[in-house]
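Me: I have this structure open next to its sequence and would like to talk it through with you. Could you keep the answers plain?

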Amino acid sequence: MACLSFAKLNACSSQWIAQQSFSQKRGSSSRRRVSLLIRAGAYSDELVQTAKSVASPGRGILAIDESNATCGKRLASIGLDNTETNRQAYRQLLLTTPGLGDYISGAILFEETLYQSTTDGKKFVDCLRDAKIMPGIKVDKGLVPLPGSNNESWCQGLDGLASRSAEYYKQGARFAKWRTVVSIPCGPSALAVKEAAWGLARYAAISQENGLVPIVEPEILLDGDHSIDRTLEVAEKVWSEVFFYLAENNVLFEGILLKPSMVTPGAEHKDKASPQTIAKYTLKMLSRRVPPAVPGIMFLSGGQSEVEATLNLNAMNQSPNPWHVSFSYARALQNTVLKTWQGNPENVEAAQKALLVRAKANSLAQLGKYSADGESDEAKRGMFVKGYTY
């Protein structure tokens, strides 16, 4: 019997819950039976609710999912050794900040942090839940060289992802993050773009199968001296491929979040773009490539200064968008915090206040109400690092 898939809805579970048949005319006299296959996932409703919760007005994501090695570099910048005790102390400072849930809806954790507790014995995931912040988890295993490409990378971690995701869900995580990158100076090659899109789609399907809302993040690196028009061209190509493969893998669009790069000139381009220009180009890319069914666009900062990232986000929220346009920042929320803390217990309160300042600024930007008046010179300092490894 010929079998055609006419509708694939909410494709995030392995259970087929309905199969209906109907007759279709073939020529003038013959008929054939065509199956209509409909899938609904065990987690579909929860995925949609989780995504909506993270994409709530005036709130965004705090990304503290740096690997132990990268966290060690951050600690070294203030003279601290890269030990589990120091990593725990810093992440405790962040995750126990009073009032953080007013501006932060989700926190992406590294695996170590997901299983850690405060020095008083309270699980970090419980600290987040009490603050009405959704716990998330980084699930990729990092970038490695992509054979056959133009010195490009691909992201590993699909092996064992289903079982790991199930364990993360049991531990309290409700969304996941997978970061891959595309380099404009390296082409990018068609191979690298396709590998990035396919890997993201497979990860997204596996995450939804296990109850985790996937954050889809193909970061288009700032490296290069290319124009903003070239960035737009590449971004449109990348997101076209990503959504093609998301659909091929039956991913539920209402149950995902995106973490795109803003459309900017390369970091070494001779001309800087204004927040209004960046907003215009970025929203153009999104309107051409992202279905309105996607609930949240949570931008990465990608090495912009704290103020730049906030100004650009604010410019994108000066008129209504079909999606929640917000932030998922790491360095652009933490830079001043880390320098305020300096590893000293007596500085914890001041560092937490610095975090609230940055979180509130980006909350206002999500609402289109931010002003850079009174921002410090430190907050305006760029953080781009050429060839940055995560």
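Me: Where is Gln-304 found?

Reply: In this predicted model, Gln-304 lies in the loop that runs between strand 11 and helix 10, the helix of residues 306-316.

Me: Is Gln-304 buried or exposed there?

Reply: Gln-304 is buried, because its relative accessible area is 9% and the cut-off for buried is under 20%.

Me: And what does the side chain of Gln-304 reach?

Reply: The side chain of Gln-304 comes to 3.0 Å from the backbone oxygen of Ser-301, and it also makes a polar contact of 2.6 Å with the side chain of Asn-312.

Me: What about strand 3 and strand 12, in which sense do they pair?

Reply: Strand 3 and strand 12 pair in the parallel sense, over two bridges, and here Ile-61 is the residue that stands opposite Ser-328 of strand 12.

Me: How many residues of strand 12 are buried?

Reply: Six of the six residues in strand 12 are buried. Both faces are covered, with His-324, Ser-326 and Ser-328 on one side and Val-325, Phe-327 and Tyr-329 on the other.

Me: OK, stepping back, in what order do the strands close into a barrel?

Reply: Eight strands close into the barrel, in the order 3-4-5-8-9-10-11-12, and their pairing is parallel. On this sheet packs helix 11, residues 331-341, which touches strand 3 (60-64), strand 4 (104-109) and strand 12 (324-329), and the direction of helix 11 makes about 60° with that of strand 3.

Me: And for the whole protein, how many helices and strands?

Reply: The protein has twelve helices and twelve strands. Of its 390 residues, 56% are buried, and among contacts with a separation of 6 or more, 78% are between residues 24 or more positions apart.

Me: Which strand is Arg-179 found in, and is it buried or exposed?

Reply: Arg-179 is in strand 8, and Arg-179 counts as buried because its relative accessibility is 6%, where buried means under 20%. The side chain of Arg-179 makes a polar contact with the side chain of Glu-219, at 2.7 Å.

Me: Switching to helix 7, what should it span, and how far apart are its ends?

Reply: Helix 7 covers residues 190-209, and its 20 residues should span 28 Å at 1.5 Å a residue, so the 29 Å between its end C-alpha atoms agrees with that expectation. After helix 7 comes Gly-211, which has a positive phi near 85°.

Me: Now charges: how many salt bridges does the structure hold?

Reply: The structure holds 19 salt bridges. One of them is between the side chains of Lys-122 and Asp-130, at 2.5 Å from N to O, and Lys-122 counts as partly exposed at 36% relative accessibility.

Me: What lets side chains pair like that?

Reply: Side chains of opposite charge can pair when their charged atoms come close.

Me: And Lys-170 with Glu-167, how are they placed in helix 6?

Reply: Lys-170 and Glu-167 are three residues apart in helix 6 (residues 161-171), so they are separated by about one helical turn, and their side chains meet in a salt bridge of 3.6 Å, N to O. Lys-170 is exposed, with a relative accessible area of 65%, whereas Glu-167 counts as partly exposed at 40%.

Me: What does Asp-271 form a salt bridge with?

Reply: Asp-271 forms a salt bridge with Lys-270, and their closest N and O atoms are 3.9 Å apart. Asp-271 is partly exposed at 44% relative accessibility, while Lys-270 counts as exposed at 70%.

Me: Which residues do shared partners join into one network?

Reply: Salt bridges that share partners join Glu-66, Arg-74, Arg-87, Arg-91 and Glu-112 into one network.

Terms used. Residues are numbered from 1 along each chain as its sequence is written. This is a predicted model: local features need pLDDT of at least 70, side-chain atom pairs count only at pLDDT 80 or more; totals for chains, interfaces and linings use all residues. Side-chain values use heavy atoms; hydrogens and water are left out. Two strands pair if DSSP finds at least two bridges between them. Helices (H or I, at least four residues) and strands (E, at least two) are DSSP runs, numbered from the N terminus. Contact means heavy atoms within 4.5 Å. Axes are lines fitted to C-alpha atoms, for helices over the stretch in contact, and angles run from 0 to 180 degrees between N-to-C directions. The expected span of a helix is 1.5 Å times one less than its number of residues. A salt bridge is a side-chain nitrogen of Lys or Arg within 4 Å of a carboxyl oxygen of Asp or Glu. Buried means under 20% relative accessible area, exposed over 50%, partly exposed in between (1.4 Å probe, protein chains only). A polar contact is a pair of N or O atoms within 3.5 Å; within protein, one must be able to donate a hydrogen and the other to accept it, and residues adjacent in sequence count only if both atoms are side-chain atoms.
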